[in-house]
Amino acid sequence: MAIEKVTVVGGSGTAGSAVVSALLASPFQLTILARASSTSKLPGGARIIKVADSHPLDELVAAFTGQDAVVSTLGVLATDVQKRIIDAAAQAGIKRFIPSEFGLNLRNARTLARIPAMASKGEIIDHLKAQETKGLSWTGIATGAFFDWGLENGWLRVDLKNRSVQILNDGTAKFSTSILPRVGESVVQVLKHEAETRNRYIYTQSFNVSQQDIVKSLEAVSGQKWAVDFLDEETFIKDNATQGDADDMKRIENVVFAQAVLDCDFEKEGLSNDVLGLQAHSLDAEIEKILNSAA
Ligand SMILES: NC(=O)c1ccc[n+]([C@@H]2O[C@H](COP(=O)([O-])OP(=O)(O)OC[C@H]3O[C@@H](n4cnc5c(N)ncnc54)[C@H](OP(=O)(O)O)[C@@H]3O)[C@@H](O)[C@H]2O)c1
(Lines give C-alpha, C1' and ligand atoms only; values in the text may rest on other atoms or scores of the structure.)
Protein backbone atom coordinates (compact mmCIF):
# COMPACT_ATOMS: atom_id res chain seq x y z
CA MET A 1 0.00 0.00 0.00
CA ALA A 2 1.23 3.49 -0.85
CA ILE A 3 2.42 5.88 1.84
CA GLU A 4 -0.43 7.92 3.34
CA LYS A 5 0.49 8.90 6.90
CA VAL A 6 3.66 10.90 7.47
CA THR A 7 5.24 12.11 10.73
CA VAL A 8 7.77 14.95 10.70
CA VAL A 9 10.22 15.23 13.61
CA GLY A 10 11.77 18.70 14.06
CA GLY A 11 9.06 20.47 12.07
CA SER A 12 9.74 23.89 13.59
CA GLY A 13 13.23 24.45 12.16
CA THR A 14 14.46 25.97 8.89
CA ALA A 15 14.26 22.76 6.85
CA GLY A 16 11.38 21.41 8.96
CA SER A 17 9.10 24.40 8.29
CA ALA A 18 9.61 23.97 4.52
CA VAL A 19 8.89 20.24 4.74
CA VAL A 20 5.79 20.82 6.88
CA SER A 21 4.43 23.48 4.46
CA ALA A 22 4.87 21.15 1.47
CA LEU A 23 3.27 18.20 3.28
CA LEU A 24 0.33 20.35 4.40
CA ALA A 25 -0.27 21.22 0.73
CA SER A 26 0.00 17.53 -0.31
CA PRO A 27 -2.46 14.64 0.00
CA PHE A 28 -0.42 13.07 2.85
CA GLN A 29 -1.88 13.02 6.36
CA LEU A 30 0.62 14.95 8.46
CA THR A 31 1.61 14.53 12.11
CA ILE A 32 4.33 16.64 13.72
CA LEU A 33 6.26 15.14 16.62
CA ALA A 34 7.69 17.79 18.96
CA ARG A 35 9.51 17.65 22.28
CA ALA A 36 7.41 18.52 25.34
CA SER A 37 9.49 21.58 26.31
CA SER A 38 9.49 23.04 22.78
CA THR A 39 8.21 26.60 22.62
CA SER A 40 8.56 26.78 18.84
CA LYS A 41 5.45 27.79 16.93
CA LEU A 42 4.04 24.97 14.80
CA PRO A 43 1.61 25.57 11.93
CA GLY A 44 -2.09 24.82 12.21
CA GLY A 45 -3.56 22.03 10.11
CA ALA A 46 -1.34 19.19 11.31
CA ARG A 47 -1.90 16.73 14.16
CA ILE A 48 0.73 17.39 16.84
CA ILE A 49 2.15 14.79 19.24
CA LYS A 50 4.45 15.79 22.08
CA VAL A 51 6.98 13.39 23.60
CA ALA A 52 9.21 13.77 26.65
CA ASP A 53 12.40 15.73 25.93
CA SER A 54 14.53 12.61 26.46
CA HIS A 55 12.66 10.94 23.54
CA PRO A 56 11.95 7.61 25.32
CA LEU A 57 11.81 4.68 22.87
CA ASP A 58 8.37 3.50 24.04
CA GLU A 59 6.81 6.95 23.50
CA LEU A 60 8.34 7.13 20.02
CA VAL A 61 7.16 3.63 19.06
CA ALA A 62 3.63 4.51 20.25
CA ALA A 63 3.71 7.78 18.27
CA PHE A 64 4.90 6.06 15.05
CA THR A 65 2.60 3.04 15.20
CA GLY A 66 0.10 3.25 12.32
CA GLN A 67 2.24 5.78 10.41
CA ASP A 68 3.82 4.96 7.02
CA ALA A 69 6.77 7.34 6.86
CA VAL A 70 8.92 9.43 9.21
CA VAL A 71 10.84 12.51 8.05
CA SER A 72 13.57 13.85 10.33
CA THR A 73 14.53 17.50 10.04
CA LEU A 74 16.38 17.60 13.36
CA GLY A 75 19.40 19.88 13.70
CA VAL A 76 22.79 18.26 12.96
CA LEU A 77 23.73 18.01 16.63
CA ALA A 78 20.80 15.74 17.54
CA THR A 79 22.52 12.55 16.25
CA ASP A 80 21.68 10.30 19.21
CA VAL A 81 18.05 11.43 19.20
CA GLN A 82 17.84 10.70 15.48
CA LYS A 83 19.28 7.19 15.96
CA ARG A 84 16.65 6.45 18.63
CA ILE A 85 13.95 7.78 16.32
CA ILE A 86 15.18 5.39 13.60
CA ASP A 87 15.11 2.44 16.06
CA ALA A 88 11.56 3.38 17.05
CA ALA A 89 10.52 3.74 13.38
CA ALA A 90 11.84 0.23 12.62
CA GLN A 91 10.01 -1.20 15.66
CA ALA A 92 6.76 0.54 14.71
CA GLY A 93 6.84 -0.91 11.17
CA ILE A 94 7.49 2.41 9.37
CA LYS A 95 8.06 1.84 5.64
CA ARG A 96 10.20 4.85 4.69
CA PHE A 97 12.53 7.02 6.76
CA ILE A 98 13.94 10.29 5.39
CA PRO A 99 16.87 11.37 7.59
CA SER A 100 17.96 14.95 8.25
CA GLU A 101 20.33 15.42 5.31
CA PHE A 102 19.14 18.29 3.07
CA GLY A 103 22.56 19.69 2.31
CA LEU A 104 25.96 19.04 0.80
CA ASN A 105 27.30 16.13 -1.20
CA LEU A 106 28.46 13.95 1.65
CA ARG A 107 29.97 11.45 -0.74
CA ASN A 108 32.57 14.05 -1.67
CA ALA A 109 35.92 13.14 -0.04
CA ARG A 110 37.10 16.77 0.22
CA THR A 111 33.86 17.83 1.94
CA LEU A 112 34.17 15.04 4.50
CA ALA A 113 37.85 15.85 5.11
CA ARG A 114 37.19 19.57 5.55
CA ILE A 115 34.06 19.18 7.74
CA PRO A 116 34.63 16.27 10.16
CA ALA A 117 31.35 17.18 11.95
CA MET A 118 29.47 15.95 8.87
CA ALA A 119 30.54 12.39 9.71
CA SER A 120 27.52 12.27 12.03
CA LYS A 121 25.24 12.34 8.96
CA GLY A 122 27.12 9.31 7.57
CA GLU A 123 26.57 7.54 10.91
CA ILE A 124 22.83 8.08 10.49
CA ILE A 125 22.88 6.53 6.99
CA ASP A 126 24.85 3.54 8.35
CA HIS A 127 22.29 3.21 11.15
CA LEU A 128 19.49 3.20 8.57
CA LYS A 129 21.23 0.59 6.42
CA ALA A 130 21.41 -1.66 9.48
CA GLN A 131 17.58 -1.51 9.78
CA GLU A 132 16.89 -2.52 6.16
CA THR A 133 16.52 -6.20 7.10
CA LYS A 134 13.79 -5.16 9.57
CA GLY A 135 11.75 -3.74 6.68
CA LEU A 136 12.61 -0.06 7.14
CA SER A 137 13.60 1.62 3.88
CA TRP A 138 15.22 5.05 3.63
CA THR A 139 16.06 7.91 1.28
CA GLY A 140 18.75 10.54 1.92
CA ILE A 141 18.01 13.79 0.08
CA ALA A 142 20.85 16.18 -0.81
CA THR A 143 19.49 19.58 -1.91
CA GLY A 144 22.65 21.70 -1.84
CA ALA A 145 22.73 25.08 -0.12
CA PHE A 146 19.37 26.61 0.81
CA PHE A 147 19.54 29.48 -1.71
CA ASP A 148 16.85 31.90 -0.45
CA TRP A 149 17.75 31.29 3.22
CA GLY A 150 21.49 31.65 2.52
CA LEU A 151 21.09 34.86 0.55
CA GLU A 152 18.75 36.45 3.06
CA ASN A 153 20.93 35.72 6.11
CA GLY A 154 24.28 36.44 4.45
CA TRP A 155 25.63 32.87 4.73
CA LEU A 156 26.14 32.74 0.95
CA ARG A 157 28.35 35.85 1.30
CA VAL A 158 25.99 38.19 -0.51
CA ASP A 159 25.48 41.49 1.33
CA LEU A 160 22.07 42.58 0.05
CA LYS A 161 22.19 45.92 1.88
CA ASN A 162 25.62 47.07 0.67
CA ARG A 163 25.40 45.35 -2.73
CA SER A 164 28.60 43.35 -2.37
CA VAL A 165 29.55 39.70 -2.86
CA GLN A 166 32.49 37.59 -1.70
CA ILE A 167 33.50 34.95 -4.22
CA LEU A 168 35.77 31.93 -3.72
CA ASN A 169 38.51 31.57 -6.35
CA ASP A 170 37.24 32.91 -9.70
CA GLY A 171 33.61 32.07 -8.90
CA THR A 172 33.02 29.93 -12.00
CA ALA A 173 32.50 26.57 -10.23
CA LYS A 174 28.89 25.42 -10.79
CA PHE A 175 26.93 24.21 -7.77
CA SER A 176 23.48 22.83 -7.07
CA THR A 177 21.30 24.90 -4.76
CA SER A 178 17.65 24.78 -3.70
CA ILE A 179 15.12 27.32 -2.49
CA LEU A 180 13.36 26.16 0.69
CA PRO A 181 10.10 25.22 -1.08
CA ARG A 182 12.16 22.79 -3.23
CA VAL A 183 13.37 21.08 -0.02
CA GLY A 184 9.75 20.46 0.93
CA GLU A 185 8.73 19.40 -2.59
CA SER A 186 11.65 16.95 -2.73
CA VAL A 187 10.35 15.21 0.39
CA VAL A 188 6.79 15.04 -0.97
CA GLN A 189 7.97 13.62 -4.31
CA VAL A 190 10.23 11.03 -2.65
CA LEU A 191 7.23 9.81 -0.65
CA LYS A 192 5.22 9.61 -3.90
CA HIS A 193 8.06 7.74 -5.68
CA GLU A 194 8.78 5.02 -3.14
CA ALA A 195 10.23 2.46 -5.53
CA GLU A 196 12.58 4.83 -7.40
CA THR A 197 14.01 6.30 -4.21
CA ARG A 198 14.27 3.18 -2.03
CA ASN A 199 17.44 2.76 0.10
CA ARG A 200 19.37 5.44 -1.78
CA TYR A 201 20.92 8.81 -1.54
CA ILE A 202 19.34 11.19 -4.09
CA TYR A 203 20.20 14.67 -5.37
CA THR A 204 17.74 17.49 -6.15
CA GLN A 205 18.18 21.19 -6.94
CA SER A 206 16.34 24.36 -7.93
CA PHE A 207 19.15 25.34 -10.28
CA ASN A 208 22.83 24.79 -11.01
CA VAL A 209 24.73 28.09 -10.98
CA SER A 210 28.13 29.61 -10.25
CA GLN A 211 28.84 32.49 -7.89
CA GLN A 212 29.56 34.59 -11.02
CA ASP A 213 26.07 33.69 -12.35
CA ILE A 214 24.60 34.97 -9.07
CA VAL A 215 26.49 38.28 -9.40
CA LYS A 216 25.30 38.64 -13.01
CA SER A 217 21.73 38.02 -11.93
CA LEU A 218 21.97 40.44 -8.97
CA GLU A 219 23.25 43.14 -11.35
CA ALA A 220 20.68 42.41 -14.07
CA VAL A 221 17.73 42.37 -11.68
CA SER A 222 18.81 45.39 -9.58
CA GLY A 223 20.11 47.37 -12.59
CA GLN A 224 23.17 48.26 -10.53
CA LYS A 225 26.83 47.24 -10.29
CA TRP A 226 27.70 45.04 -7.27
CA ALA A 227 31.14 45.06 -5.61
CA VAL A 228 32.96 41.71 -5.82
CA ASP A 229 35.72 40.60 -3.48
CA PHE A 230 37.66 37.48 -4.56
CA LEU A 231 38.82 35.11 -1.80
CA ASP A 232 41.45 32.41 -2.19
CA GLU A 233 40.02 28.99 -1.34
CA GLU A 234 43.08 27.60 0.47
CA THR A 235 43.51 30.76 2.59
CA PHE A 236 39.77 30.79 3.41
CA ILE A 237 39.85 27.14 4.52
CA LYS A 238 43.03 27.71 6.58
CA ASP A 239 41.59 30.85 8.22
CA ASN A 240 38.48 28.88 9.19
CA ALA A 241 40.23 25.89 10.79
CA THR A 242 38.59 25.08 14.12
CA GLN A 243 40.44 26.31 17.21
CA GLY A 244 38.44 24.73 20.04
CA ASP A 245 36.81 27.99 21.10
CA ALA A 246 33.34 29.55 21.02
CA ASP A 247 33.77 30.76 17.42
CA ASP A 248 34.20 27.26 16.00
CA MET A 249 30.54 26.94 14.97
CA LYS A 250 30.89 30.09 12.86
CA ARG A 251 34.12 28.71 11.30
CA ILE A 252 32.40 25.41 10.48
CA GLU A 253 29.51 27.32 8.86
CA ASN A 254 32.07 29.19 6.73
CA VAL A 255 33.68 25.94 5.56
CA VAL A 256 30.20 24.52 4.86
CA PHE A 257 29.63 27.58 2.62
CA ALA A 258 32.91 26.87 0.79
CA GLN A 259 32.00 23.23 0.20
CA ALA A 260 28.47 24.21 -0.87
CA VAL A 261 29.83 26.35 -3.72
CA LEU A 262 32.97 24.35 -4.60
CA ASP A 263 32.02 20.65 -4.35
CA CYS A 264 28.28 20.47 -4.78
CA ASP A 265 27.60 20.05 -8.50
CA PHE A 266 24.91 17.38 -8.37
CA GLU A 267 24.63 17.30 -12.16
CA LYS A 268 27.89 15.34 -12.01
CA GLU A 269 26.36 12.84 -9.54
CA GLY A 270 23.02 12.31 -11.30
CA LEU A 271 20.03 14.43 -10.38
CA SER A 272 16.65 12.97 -9.47
CA ASN A 273 14.73 16.09 -10.55
CA ASP A 274 13.32 14.45 -13.71
CA VAL A 275 12.30 11.21 -12.00
CA LEU A 276 10.56 13.22 -9.27
CA GLY A 277 8.95 15.71 -11.69
CA LEU A 278 10.78 18.70 -10.19
CA GLN A 279 11.09 21.56 -12.70
CA ALA A 280 14.06 23.95 -12.66
CA HIS A 281 13.44 27.29 -10.97
CA SER A 282 14.57 30.61 -12.47
CA LEU A 283 17.62 32.22 -10.83
CA ASP A 284 16.51 35.73 -11.90
CA ALA A 285 12.97 35.22 -10.59
CA GLU A 286 14.26 34.02 -7.19
CA ILE A 287 16.78 36.88 -6.97
CA GLU A 288 14.00 39.36 -7.79
CA LYS A 289 11.80 37.99 -4.97
CA ILE A 290 14.72 38.16 -2.51
CA LEU A 291 15.71 41.71 -3.51
CA ASN A 292 12.08 42.87 -3.28
CA SER A 293 11.60 41.41 0.18
CA ALA A 294 14.92 42.88 1.39
CA ALA A 295 14.02 46.38 0.09
N1 LIG B 1 21.51 23.09 2.81
C2 LIG B 1 21.52 24.12 3.64
O3 LIG B 1 21.86 25.26 3.27
C4 LIG B 1 21.08 23.90 5.06
C5 LIG B 1 20.87 24.98 5.90
C6 LIG B 1 20.42 24.74 7.19
C7 LIG B 1 20.19 23.44 7.62
N8 LIG B 1 20.41 22.40 6.77
C9 LIG B 1 20.18 21.02 7.20
O10 LIG B 1 18.80 20.88 7.54
C11 LIG B 1 18.67 19.99 8.64
C12 LIG B 1 17.87 20.66 9.74
O13 LIG B 1 18.61 21.78 10.19
P14 LIG B 1 17.86 23.14 10.57
O15 LIG B 1 18.89 24.23 10.52
O16 LIG B 1 16.61 23.26 9.81
O17 LIG B 1 17.56 22.88 12.08
P18 LIG B 1 16.99 23.93 13.12
O19 LIG B 1 16.43 25.12 12.42
O20 LIG B 1 18.05 24.12 14.15
O21 LIG B 1 15.77 23.13 13.74
C22 LIG B 1 15.97 21.94 14.39
C23 LIG B 1 14.64 21.26 14.69
O24 LIG B 1 14.98 20.11 15.43
C25 LIG B 1 14.44 20.22 16.74
N26 LIG B 1 15.54 19.83 17.65
C27 LIG B 1 16.75 20.36 17.75
N28 LIG B 1 17.49 19.70 18.64
C29 LIG B 1 16.72 18.72 19.12
C30 LIG B 1 16.91 17.72 20.08
N31 LIG B 1 18.06 17.56 20.73
N32 LIG B 1 15.89 16.91 20.30
C33 LIG B 1 14.75 17.07 19.65
N34 LIG B 1 14.49 18.01 18.75
C35 LIG B 1 15.48 18.82 18.48
C36 LIG B 1 14.04 21.65 16.95
O37 LIG B 1 12.93 21.63 17.81
P38 LIG B 1 12.60 22.79 18.85
O39 LIG B 1 11.69 23.70 18.09
O40 LIG B 1 11.97 22.11 19.97
O41 LIG B 1 13.90 23.43 19.22
C42 LIG B 1 13.69 22.09 15.52
O43 LIG B 1 12.37 21.71 15.19
C44 LIG B 1 20.08 19.60 9.08
O45 LIG B 1 20.41 18.35 8.57
C46 LIG B 1 20.96 20.69 8.47
O47 LIG B 1 22.26 20.24 8.15
C48 LIG B 1 20.83 22.60 5.50
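Is D170 buried, partly exposed or exposed? With a relative accessible area of 44%, D170 is partly exposed. The cut-offs here: buried means under 20% relative accessible area, exposed means over 50%, and partly exposed is in between, using a 1.4 Å probe and protein chains only.

Okay, some ground rules before I go on. This is a predicted model, where local features need pLDDT of at least 70 and side-chain atom pairs count only at pLDDT 80 or more, while totals for chains, interfaces and linings use all residues. Residues are numbered from 1 along each chain as its sequence is written, and side-chain values use heavy atoms, with hydrogens and water left out.

Back to D170, then. You'll find D170 in the loop between β9 and β10, the latter being 174-178. Helices (H or I, at least four residues) and strands (E, at least two) are DSSP runs, by the way, numbered from the N terminus. D170 sits 40 residues from S210 in sequence, and the C-alpha to C-alpha distance between D170 and S210 is 9.7 Å.

Now the overall picture. The protein has twelve helices and 13 strands. Its C-alpha atoms fill a box of roughly 55 × 40 × 40 Å along the principal axes. For 295 residues, a compact globule would have a radius of gyration near 19 Å, and the protein has 19 Å, so that agrees. That radius is taken over C-alpha atoms, and the globule rule is 2.2 Å times the number of residues to the power 0.38. As for burial, 54% of the 295 residues count as buried.

Strand β1 (residues 5-9) runs parallel to β2, with five bridges joining them. Two strands pair, in this scheme, if DSSP finds at least two bridges between them. V6 has L30 in β2 as its bridge partner. On to β3 (residues 47-51): β2 pairs with β3 in the parallel sense, again over five bridges, and L33 is partnered by I49 of β3. Five of the seven residues of β2 (residues 29-35) are buried, so β2 is largely enclosed by the rest of the structure. Also, β1, helix α1 (residues 14-24) and β2 make a right-handed β-α-β unit. Right-handed means that, with the strands pointing away from the viewer, the path from the first strand over the helix to the second runs clockwise.

Next up, β6. Six of the six residues of β6 (residues 137-142) are buried, so β6 is largely enclosed too. In a regular strand the side chains alternate between the two faces of the sheet. Here S137, T139 and I141 point one way, W138, G140 and A142 the other, and all are buried. Who are the neighbours? Strand β5 (residues 96-98) runs parallel to β6 over two bridges, with R96 partnered by S137. Strand β11 (residues 200-203) pairs with β6 in the parallel sense over four bridges, and A142 stands opposite Y203 there.

There's also an open sheet of three strands, ordered β8-β9-β13, with mixed pairing. β8 (158-159) and β13 (227-231) stand at the edges, each with a single partner strand, so one side of each is left without a neighbour in the sheet. β8 and β9 (residues 164-168) are antiparallel over two bridges, and D159 has S164 as its bridge partner.

Last stop, helix α10 (residues 248-262), which holds M249. M249 counts as partly exposed because its relative accessibility is 44%. Thanks, that's my tour.
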